[in-house]
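Dear colleague,

I am handing over the structure below, and I would be grateful if you could look through it alongside the notes that follow.

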Amino acid sequence: MEFPDLLFAEKQNISPFDAVLFENLKQNELLAAFFSEPERDEIVQVLKCPCTAENIRHRRELVFTLLEDAAVLDTVRKLQTALFTLSRSEKMYASAGSAAEKYAAFFMLVRDYLGFIDAAAKTPRKCFLLNRFADYFAEISASDRAEQARREMKFAGEEFLGLKPVKLTPASRMGVSFAEDADITVNEKLRRISESLGIACGENAADERHRPSANMMAALFSLCADYSDALYRLHNGFESFYNPGILGYIRQLRFLLNIESLLERLREKGIPLSAAVISNKREIVVYGGCDPALILKDGVIVRNDVRLDENERFAFLLGANGGGKTTYIRMVGAVTLFFLAGLPVPCESARLYPSTKILTHFPVAENFVGEGRLQNELKRLKEILDKSDGETLVLLNETFSGTTEEKAVALTAKAAEDFLEKNSIGIFVTHQRGVCEKCAAVRGLSFLETAPEERFKIREMTDMPGTGMAEILKKYGLTRAQLEERAGKAI
């Protein structure tokens, strides 16, 4: 029987995101600032798998519970500590060099295994995933098999407590003898003998631990027959009781604790966190969104809004360098990534569709072997287009900068139309203002720009060069979307 997953409410089969997504959205940089490389890799392994709507709902509920309930957070930390202890016992058991050592190590393994099971059974039942987790382990804890194991453990423990001290004393030049009534420990006796021979001992010599040889373990067990028999019965009767798969929770619990830590850091830096509404319609609607990677820099974090839906599925974003265009599409990508990972999203509120793909095209280093920048960009863009469908968010940043303006406008306009035909949702950052005139009549497109009066603020474009649209909007008090809607009805 499988252990209940703490990250997924149901099984799913969705292709993971490309690794380049985390580079382009600066999520690797964000994680590297707070976590070790192995921890960062573990987090990315979870985040790169987009969730179904059901898994989004339940994982987010658990994460919010960790953020808001100190008792649950403390329980998860204690469970993680218990698993670390269990892991050490398992390694000791696996590396045992003799049957006697194996039986002794198994006693500790079962003790720590039952300890985790009993602790897990008492997990606060504050959300679906925790309810299922606690119920599962409560059933194991109360099972006849667990009770039998406890009785065998108790019996072996009583046998151990009934043992008389067994110490080593010098017997001859070549050996030692066992005595039950020795008044000092072996290390202390050896220290005294060494001193009598003029051999200096280090300060910590008496505290050093050495692994007994197989012969030594066998000799000790022969002196403690009842205790060794109890350990033998425990091992042979309950070897199949222990399920090593339980250690899989180490990664799950570590992910949850690390994510809780990251989200708390975002909160401390003024990043809002909210539970996005899971929409049945294909849309990305965000209010007060923030790029979480901005906490790595000093300065004010400007919040922006996003609206992409069936009426306006693709947007061009224009503006001068340094105006916040790249930060804006990173914010859109991060909000969507957090949402699909079942996490609180970095915005004031949102309504999002659970898509399955986020595809990005950002500038790369200029080391194009056997091809120029334009050829490289066209190749990468085609790869993205081939992967795109109605379940895709596409984020394109400063494409076609390596050619003439006329050709760049034509290629940019064609790319946008191709993605619209693919039924994808996305944003295209470009310097080519000529696309406004060329694409003004294309349905499903909207146009955004950096706001000159407020740095890093993105707004809907009203003054579209060469279209005469600004005058129409101003005269009738309409937005571009309202004008297009009316035009559609007239047609």
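**Helix H12 and what follows**

Helix H12 is followed by Gly 270, whose phi is positive, near 90°. Please keep in mind that this is a predicted model. H12 itself covers residues 249-268, and its 20 residues reach 28 Å from the first C-alpha to the last, which is close to the 28 Å expected at 1.5 Å a residue.

**The open sheet**

Four strands form an open sheet with mixed pairing, in the order E3-E7-E4-E5. Strand E3 (277-278) and strand E5 (304-308) stand at the edges with a single partner strand each, so that one side of each is left without a neighbour in the sheet. The partner of E5 is strand E4 (residues 284-289), to which E5 is joined by four bridges in the antiparallel sense, and within this pair Ile 284 has Leu 308 of E5 as its bridge partner. Helix H13 (residues 325-340) lies across E3, E4, E5 and strand E7 (349-352), and runs at about 70° to E5.

**Strand E6**

In strand E6 (residues 314-318), five of the five residues are buried; Phe 314, Phe 316 and Leu 318 lie on one side and Ala 315 and Leu 317 on the other, so both faces are covered. E6 pairs in the parallel sense with strand E10 (residues 425-429) over four bridges, and also in the parallel sense with strand E11 (residues 445-450) over five bridges. Phe 316 stands opposite Phe 428 in E10 and opposite Phe 447 in E11.

With best wishes

Conventions: Residues numbered from 1 in each chain as written. Predicted model: local features only at pLDDT ≥ 70, side-chain atom pairs only at ≥ 80, totals over all residues. Heavy atoms only, no water. Buried < 20%, exposed > 50% of the residue type's maximum accessible area, 1.4 Å probe, protein only. Helix = DSSP H or I, 4+ residues; strand = E, 2+ residues; numbered from the N terminus. Pairing = 2+ DSSP bridges. Expected span 1.5 Å × (residues − 1). Contact = heavy atoms within 4.5 Å. Axes fitted to C-alpha atoms, helices over the stretch in contact; angles between N-to-C directions.
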